[in-house]
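Let's walk through this model together, one question at a time. Have the coordinates open as you read.

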Amino acid sequence: MVVPQLVDTHCHLDLFSNYAEVIRVTESAQIQCIAVTNTPSVFSRMEELVGGCRYVLPALGLHPELASSRAAELPIFLKALSRTRYIGEVGLDYTTTVASERHIQRRVFSEILSACDASGDKILTIHSRRAVDDVLDAIGQSFRGSFILHWYSGSRRSIKRAVERGAYFSVNPAMLRSQNGRRLVAAVPRERILTESDGPFVTVDTGPATPASVDFVVAGLAALWETEKLSAQSQTYDNFLAISATRS
Ligand code: MN
């Protein structure tokens, strides 16, 4: 029997102090990994870091918490867009209550979405802290592409709305450690669940979570779903294949 691959749809590989080692281990373990970036100006560096990889995929991003300071990098983002199918980390973060900052975040995110929509087959990994409903409004009903809500922490009502829009949800070790996180994950249909490390920001017992840490997430999902670990791993890998097969 073929063992399904592990999947990490959101990892900041460039922010590990030992990034070369983490990339090498991820690639040799054949973990499907979306290597997100936080600003367009570091994307070409990420391309260099993972250029020889088959399983580690470089993603082009502009993190919402950097939108105000890095909005000037949008042209770099648009110019690099054709070089990858993977987009992230992008989105909205309403931890800030400053109206002008939220406004810039929405403008940047909206431009990114328009460009991705025009391309048609992008896969986005999206940050939506305290802003899920505005994220879903921005994506709209007819977005041509696929999206993953990373580290979802919104309401259960919004999960329903997101699922109707076609959202996938990527689950990390920190989410499964929290009771609220587990409650939210349980409310998402299994065929929409993906796994992520969000390393090095999320930590596990041994230190920063790495792509290999999604193994703990798969075990946690198996417990939550009351199924075998291998079955949970198959489910998340099938989900990754399904989102990868999407062409709109
Ligand atoms: Mn992140």
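Q: Where is Glu226 found?
A: This is a predicted model, in which local features need pLDDT of at least 70, side-chain atom pairs count only at pLDDT 80 or more, and totals for chains, interfaces and linings use all residues. Residues are numbered from 1 along each chain as its sequence is written, and side-chain values use heavy atoms, with hydrogens and water left out. Helices (H or I, at least four residues) and strands (E, at least two) are DSSP runs, numbered from the N terminus. Glu226 is found in the loop between α10 (214-225) and α11 (229-245).

Q: Is Glu226 buried or exposed?
A: The rule is that buried means under 20% relative accessible area, exposed over 50%, and partly exposed in between, with a 1.4 Å probe and protein chains only. Glu226 has a relative accessibility of 74%. Glu226 therefore counts as exposed.

Q: What is phi of Glu226?
A: Glu226 is a residue other than glycine, yet its phi is positive. The value is near 50 degrees.

Q: Which residues are the protein donors of the manganese ion?
A: Donors are N, O and S atoms within 2.8 Å of the metal (3.2 Å for Na, K and Ca); water is not among the atoms, so sites may look incomplete. The protein donors here lie 2.3 to 2.4 Å from the ion, and their spacing in sequence is H-x1-H-x76-E-x108-D. They are His10 (NE2), His12 (NE2), Glu89 (OE) and Asp198 (OD).

Q: How many residues apart in sequence are the parts that His12 and Asp198 tie together?
A: Both His12 and Asp198 are donors of the manganese ion. His12 lies in the loop between β1 (7-11) and α1 (19-28), while Asp198 lies in the loop between β8 (193-195) and β9 (203-204), so the pair ties together parts that are 186 residues apart in sequence.

Q: What is the relative accessible area of Asp198?
A: Asp198 also has a positive phi, near 50 degrees, in a residue other than glycine. Asp198 is buried, and so is His12. For Asp198 the relative accessible area is 5%.

Q: Which residue does a cis peptide bond join to Gly199?
A: Omega of this bond is about 0 degrees.

Q: What is omega of the peptide bond from Gly88 to Glu89?
A: Glu89, one of the manganese donors, lies in strand β4. The peptide bond from Gly88 to Glu89 is cis, with omega near 10 degrees.

Q: What is the volume of the largest pocket?
A: On a 1 Å grid over the protein atoms alone, a cavity is a set of points where a 1.4 Å probe fits but cannot get out; a pocket is an open set with protein on both sides within 12 Å along at least five of seven lines, and lining residues have an atom within 4 Å of a point. The largest pocket is lined by 13 residues, of which His127, Arg129, His150, Trp151 and Asp198 lie nearest its centre. Grid points are joined across faces, edges and corners, and a volume is the space filled by probe spheres set on the points. For the largest pocket that volume is about 300 Å³.

Q: Which element gives the largest share of the lining of the largest cavity?
A: The search of the whole structure finds one cavity of 30 Å³ or more. The elements giving two or more residues to its lining are β4 (86-91) and α5 (99-119). The largest share, four residues, comes from α5.

Q: How far from the sulfur of Cys11 is the nearest cysteine sulfur?
A: A disulfide is a pair of cysteine sulfur atoms within 2.5 Å, and the search of the whole structure finds zero of them. Cys11 counts as buried at 0% relative accessibility, and Cys33 counts as buried at 0% too. The nearest sulfur to that of Cys11 belongs to Cys33, and the distance is 4.8 Å.

Q: Which residue is 205 residues from Gln32 in sequence and 9.0 Å from it in space, C-alpha to C-alpha?
A: Gln32 has its place in strand β2 (residues 32-35). Gln32 is buried, with a relative accessible area of 13%. The residue at that separation is Tyr237.
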